[in-house]
Amino acid sequence: MTQPSATEAARRARRNIRLGSLGAALEYYDFVVYLYVATLIGQAFFPADLSPTMRLVQTLAIYSTGLLIRPVAGILIARVADRVGRKQLFMLTVVVMAVATLGIGLLPTYEQVGWPAPVLLLLLRVAQGCAVGGEIPAAAVFVTEHARPDGVARAGAFQQMTAYSGFLFGAGAAFVAGLVATHLTPDTPSLAWRLPFLVGGVLGVVAIYLRRRIDETPAFVNETVEQDNRPAAPVREVLLRHRPAVLFAVLVAVALTLVNVTYFNFWPTYLQTSLGLSSTSALLASLVAIAAAMAAMPAWGYLADRYGWSRMLRWASLATAVTAVLLLLVLPTLPPDSALAIWIPLPAAMAAAGIPAAAPGMISSIFPTEVRQTGFSLPYNVVIAVLGGFLNLILVWLVATVGLGAPMYTVLVACVLVLVASVAVLRIRTYLGRGAQPAARSRPRPRAARDSRHEVGDLRGGGRRPHRRARRGVRPRACRGDDSGVPSNGRRAGRSGCGRLARARRDPRPGRRPVARPAPAAAVRPGRAVLPGSPPRVLPGARPGHRAARGVVAEARLLLRQRRCGRRPVRRRAGLAGIVDVRPRAGGWGGDRARRT
């Protein structure tokens with residue numbers, strides 16, 4: 001198979017980034033369009049004798065189930081994706097979302113089938129939550145792994161920009177569906193809520209067709225498949241070996257959630273209830289803010305690639321804080337239904353766009369390839385589910401308690417977190433982008449690879465679990481037969497076993513192979529004990545021309561066995577006339593005596 005040219009590889013990478021980002025937009029569209037028609041869904045899927053408030057509460061409760069299922073589904077999907085590949089799971093999430101969205105558009109109402117209608121709606125919302133929990137981290141990892149080293153931030157910003165277009169498409173679809181149901185088909189008012197879901201299902205089918213052409217990421221193929229570096233438990237690997245990266249990802253995800261919910265989700269409600277704007281003006285203001293953020297995201301990505309994550313985060317934090325203070329000073333003084341309230345959030349949205357623009361590339365780059373999607377999905381989905389599900393209610397309470405400046409205070413808290421992240425990112429190891437370091441293996445090499453690298457073995461029995469002291473560079477091995485004349489008992493050596501081994505070395509008897517023999521004429525590394533034995537071998541890590549006897553390995557095994565059994569080790573060092581045993585005196589530990597063998 002011929003390798004593609006550089007131009008062809010770059011073209012295919014751009015195509016993969018576009019298709020991966022398009023799926024995220026459809027996921028956001030399908031997930032958010034529910035909110036724009038929530039009132040109509042409540043009227044269709046719950047009894048008519050319920051109050052409008054109770055219908056709305058139950059409708060939003062079903063919406064919240066999708067948020068609560070996100071972390072569980074996202075972690076499970078990411079765990080499989082880190083083992084089998086990004087492409088397969090990438091296709092799965094789009095199929096699940098398309099089927100669930102199309103199913104909601106075709107559901108019967110409560111008047112037609114009764115209680116099964118809200119139950120089916122709940123199940124399809126759970127399926128949507130599973131798809132979104134796996135899609136957003138998968139899209140971020142997919143596009144950043146396909147990006148060039150000097151374009152990771154721009155690829156992540158493009159993915160976020162495309163995903164935010166789902167908000168615009170969702171609002172536009174709900175608006176057009178309302179016009180169609182009111183003016184064109186007044187006899188079928190259910191089209192006002194069915195049409196957006198049907199359109200989303202059709203777009204999902206188109207996305208499935210387009211995603212057939214995507215390629216597996218080069219990073220996964222080169223670093224995981226070819227090197228057989230698939231971790232058995234990615235979640236445990238992330239929590240045990242990458243805790244600083246997980247904490248940093250939580251910090252970024254919290255700041256991202258505060259900004260997103262405040263400026264792009266809660267903002268229409270805030271304008272209507274607190275500032276007295278009409279629903280149309282509030283929706284227009286929200287769309288203007290989203291469009292402004294989308295336009296600014298590529299610029300923030302360029303700054304991150306050009307000047308680094310730390311500088312970009314500092315600039316985004318300062319710009320967001322300045323514009324939030326501007327809103328804090330101006331908004332409370334505006335008259336009700338003022339047109340300025342629609343356009344004044346424009347600079348604030350453009351400044352705050354730097355935080356979501358940095359999140360995909362930055363979180364993806366701090367985890368190695370073999371656990372990257374799990375490392376992204378675990379903190380991101382947990383924060384979104386825990387904080388994002390309740391932040392709207394918290395903001396309502398803050399506005400009633402603190403006053404009209406409560407949303408801006410929340411954004412200022414996010415600015416402080418981003419400023420902390422700009423300092424912490426300098427201490428976090430990165431695996432993607434400029435200055436990336438090669439990933440260390442997250443699990444032990446297979447036995448064949450270990451034996452080929454270390455000719456005399458790892459001082460560890462074949463098939464046995466690694467000892468806890470192997471992490472500190474000491475690799476013990478159970479008592480086993482070898483070429484050094486040490487007898488084998490087939491099990492872990494006890495005190496009596498070590499005693500027999502020591503006596504066999506100290507007092508060779510007839511029929512036993514004596515251990516101390518004339519040392520071979522071989523160069524030995526300085527500072528290493530020499531046990532005369534078989535022909536010398538090159539020890540791992542030795543400089544060219546330096547050799548040592550294989551008996552050194554046997555001596556190390558003996559010392560490790562005695563140390564594990566709780567006995568004071570027998571130290572043997574090379575003397576002028578042979579091997580010197582240094583042992584405690586028979587009367588106690590007050591001194592040592594040397595005996596020549």
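The count of disulfides (pairs of cysteine sulfur atoms within 2.5 Å) comes to zero. The model is predicted, so local features need pLDDT of at least 70 and side-chain atom pairs count only at pLDDT 80 or more, while totals for chains, interfaces and linings use all residues. Residues are numbered from 1 along each chain as its sequence is written, and side-chain values use heavy atoms, with hydrogens and water left out.

**Cysteines**

**Nonpolar surface patch**
- Trp-115, Val-119, Leu-120 and Leu-123 form a nonpolar patch on the surface, with about 420 Å² of accessible area together.
- Such patches take residues with over 30% relative accessible area and no salt bridge, joining nonpolar side chains within 5 Å; a salt bridge is a Lys or Arg side-chain nitrogen within 4 Å of an Asp or Glu carboxyl oxygen.
- Trp-115 lies in the loop between helix H5 (110–113) and helix H6 (116–146), helices being DSSP runs of H or I with at least four residues, numbered from the N terminus.
- Trp-115 is exposed, at 63% relative accessible area.

**Helix H4**
- H4 (residues 86–105) has 20 residues and spans 29 Å from first to last C-alpha, close to the expected 28 Å, which is 1.5 Å times one less than the number of residues.
- Its buried residues include Arg-86, Phe-90 and Gly-105.

**Ser-165**
- Ser-165 sits in helix H7 (residues 152–184) and is buried at 9%.
- The Ser-165 side chain reaches the backbone oxygen of Thr-162 at 2.3 Å.

Terms used:
Patches are made of residues with over 30% relative accessible area and no salt bridge: like charges are joined within 9 Å, nonpolar side chains (Val, Leu, Ile, Met, Phe, Trp, Tyr) within 5 Å. Accessible areas come from the Shrake-Rupley method with a 1.4 Å probe; for residues, only the protein chains shown count as cover. Helices (H or I, at least four residues) and strands (E, at least two) are DSSP runs, numbered from the N terminus. Buried means under 20% relative accessible area, exposed over 50%, partly exposed in between (1.4 Å probe, protein chains only). A polar contact is a pair of N or O atoms within 3.5 Å; within protein, one must be able to donate a hydrogen and the other to accept it, and residues adjacent in sequence count only if both atoms are side-chain atoms.
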